[in-house]
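Hi there,

Here is the structure I promised to pass on.

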Amino acid sequence: MSLKLGVPSKGRLMEKTFDWFTKRGVTLSRTGSDREYAGAVEGVGGVDLVLLSAGEIPRELAVGNIHLGVTGTDLIQEKLARWEQQVEELAPMGFGYADLILAVPQFWIDVETVDDLDAVAAAFRAKYGHRLRVATKYHRLVREFLTDSGVADYQLVDSQGATEGTVKNETAEMIADITSTGETLRANHLKILSDGLVLKSQATLWRSRVAKYSADEKAALKTLLDMLRG
Amino acid sequence: MANRSEIVARARRFRTNFEAAGAVLVEPPLLQPAEALLDLYGEDIRARAYVTSDALRGEQMLRPDFTVPVVQMHMQQGAEPARYTYAGEVFRRQEQDPDRANEYMQVGYEVFDRAKPAVSDAEVFALMTLQLRNLPVRAICGDIGILKAAVQGLNTTEVRKEALLRHIWRPRRFKFLLDRFAGRVALPESRAKILSTEGRLTGTAPEIGKRRSADIDARVDILRADAAAPLIADHEVAALEALLAVRETVPFAIEQMRDIAVDLPAILPSLDLMDDRVNAMRARGIDVDTLEFEASYGRTSMEYYDGFVFGLYAIGRPDLPAIALGGRYDALTRQLGQGSEIPAVGGVLRPDLILTLEEETA
């Protein structure tokens with residue numbers, strides 16, 4: 001069997017991943033039609049390309065279906081409990097930068113820090129009869145961050161997309177989401193809490209600690225890593 | 001390791017003991033509506049309990065403890081006074097430590113009685129220690145009621161007291177707030193900006209979301225009033241910190257806390273209550289002179305306990321969770337009682353851990 005390398009199957013993340021490998025002498029490419037998720041690896045032997053949704057790569061690494069995978073730190077830490085024991089970080093790749101942040105309406109001039117947020121959550125709950133709602137898809141990371149910061153009286157509401165719009169629609173009072181430039185936030189009249197950085201993320205090459213490695217696969221891994229490390 | 005049928009058999013024996021002590025057997029369902037638990041514990045419960053759902057009943061949780069359903073049941077239909085026992089599995093989600101069980105048996109004993117809280121405290125503690133009498137365990141007790149009285153008695157604004165009371169169960173956050181109210185840490189720049197201006201500040205950015213500009217104006221007023229209020233006096237902060245650090249056998253702990261009460265006289269009534277409890281424990285044959293007391297015990301893991309708290313731990317096995325634990329939860333009955341309330345105290349045992357300890361000591 002060959003060493004399996006999981007890579008995002010579409011978009012800029014896929015293109016940038018291909019570029020990153022090309023620069024290191026490994027050519028990745030999609031084969032067949034545009035719609036077919038098959039790929040080829042040139043420049044190193046014994047490696048198979050597996051095209052996957054970036055969101056599924058953490059799970060595939062954790063069950064050992066793939067040996068190597070490219071995905072964001074945010075997805076690894078959100079989806080895998082005790083992620084350090086399941087995957088090893090091989091190389092931060094220098095693109096796909098995104099920060100998981102807490103943001104509140106700009107006009108909340110009384111809220112700049114997580115400390116303010118806690119006081120506001122208490123007052124909000126007392127007045128409106130429910131907890132302050134935080135819209136996010138990163139439930140575990142945000143909950144751990146808020147628990148650690150000692151914030152009480154909040155609740156998470158699930159938002160899988162267009163999270164910045166939830167405040168205006170009054171389905172949440174604030175959000176926790178990924179941002180790279182902050183432009184979408186500003187356009188939706190939101191601001192980032194000064195100490196509300198939950199996680200800094202970038203595209204990263206991971207190795208599964210769970211997958212089985214045959215002698216051939218070990219050899220292919222060593223060759224590949226030597227090339228990637230120059 | 002004891003097998004499941006041994007654990008179940010032992011749980012039954014404990015339950016029979018508790019029935020003999022006057023408790024009525026109750027059997028709450030495994031699935032609990034998530035709403036009440038979420039309302040009580042907040043998001044943190046999602047990290048501790050398994051959540052499931054169907055289209056008809058919405059979110060349900062595999063019961064993370066018996067106390068909440070037992071209180072709900074009592075508040076709806078219970079006659080007073082009442083004693084209940086139960087035995088069954090509880091479920092705790094584990095994301096950090098694979099050695100901790102995510103499903104285990106608990107046997108409990110809960111007392112709802114208005115007459116003499118100190119006597120009920122002693123009854124529950126004595127009954128739990130009696131079940132573990134031949135095992136190498138040590139008991140620790142505390143009293144959240146003393147801490148609450150100390151905060152309520154501080155010579156400062158109600159807003160600050162409420163903020164501190166709200167975080168008694170989050171020690172780090174509590175310390176942060178206390179430091180701020182005592183003037184030990186500087187205010188953030190953003191706060192200074194709000195305080196250096198006057199009048200209404202809202203109105204530049206568009207008003208979006210359910211929290212309205214009136215709410216923001218109200219908080220700005222609170223922040224300005226807070227900045228104008230005097231800091232909490234050094235001697236009070238020092239006394240509160242000394243109180244939180246008390247860690248002694250019961251007689252010495254009481255002595256230390258009586259000294260601290262010179263600066264925090266508001267704790268005197270709860271110290272008198274502790275005296276009553278200690279006397280009631282002595283009357284039940286508990287060796288109070290060697291019993292450990294930690295003023296901060298119960299601050300990190302038992303949010304609904306608000307008075308007497310206790311735990312029994314295996315000596316030489318710090319890796320094991322408490323073999324038995326319990327405490328008083330008057331405020332919980334108020335929260336779940338929809339207008340009514342009743343003093344309540346209870347405790348639970350872990351038959352699986354008890355069997356493990358027995359095997360080790362045999």
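Among contacts in chain A between residues at least 6 apart in sequence, what percentage join residues at least 24 apart? The answer is 68%, where two residues count as in contact if their C-beta atoms, placed from the backbone, lie within 7 Å. For chain B, 70% of the contacts between residues at least 6 apart join residues at least 24 apart.

A word on conventions before the rest. This is a predicted model, in which local features need pLDDT of at least 70, side-chain atom pairs count only at pLDDT 80 or more, and totals for chains, interfaces and linings use all residues. Residues are numbered from 1 along each chain as its sequence is written, while chains are lettered from A and ligands numbered from 1 in the order in which they are written.

On confidence, the model has an ipTM of 0.85 and a pTM of 0.87. Chain B has a mean pLDDT of 92, with 98% of its residues at 70 or more; pLDDT is the predictor's confidence in each residue, from 0 to 100.

Now the two chains. Chain A contains eight helices and 12 strands, and chain B contains 15 helices and 12 strands. Helices (H or I, at least four residues) and strands (E, at least two) are DSSP runs, numbered from the N terminus. With a radius of gyration of 23 Å, close to the 21 Å that the globule rule gives for 362 residues, chain B is as compact as a globular protein of that length, so says the rule. That radius is taken over C-alpha atoms, and the rule is 2.2 Å times the number of residues to the power 0.38. The C-alpha trace spans about 70 × 60 × 40 Å along its principal axes in chain B and about 65 × 35 × 30 Å in chain A. Of the 230 residues in chain A, 42% are buried, and of the 362 in chain B, 38% are (buried: 20 or more other C-beta atoms within 10 Å of the residue's own, C-beta atoms being placed from the backbone).

In chain A, five strands make an open sheet with mixed pairing, in the order β4-β1-β5-β12-β6; strands pair if DSSP finds at least two bridges between them. The edge strands are β4 (47-52) and β6 (87-92) of chain A, each with a single partner, so one side of each has no neighbour in the sheet. Strand β1(A), residues 3-8, runs parallel to β4(A) and is joined to it by six bridges, and P8(A) sits opposite L52(A) in β4(A). Helix α8(A), residues 215-228, packs on the sheet and touches β1, β4 and β6 of chain A.

Chain B has an open antiparallel sheet of three strands, ordered β2-β4-β3. Strand β3(B) is linked to β4(B), residues 58-62, by four bridges, and S53(B) has E59(B) in β4(B) as its bridge partner.

Finally, where the chains meet: the contact takes 31 residues from chain A and 31 from chain B. On the chain B side, α10(B) gives the largest share, six residues. By class, that side has 11 nonpolar, seven polar and 13 charged residues. Here Ala, Val, Leu, Ile, Met, Phe, Trp, Tyr, Cys and Pro count as nonpolar, Asp, Glu, Lys and Arg as charged, and the others, Gly among them, as polar.

Best wishes

Terms used:
Buried ≥ 20, exposed ≤ 12 C-beta atoms within 10 Å, placed from the backbone. Axes fitted to C-alpha atoms, helices over the stretch in contact; angles between N-to-C directions.
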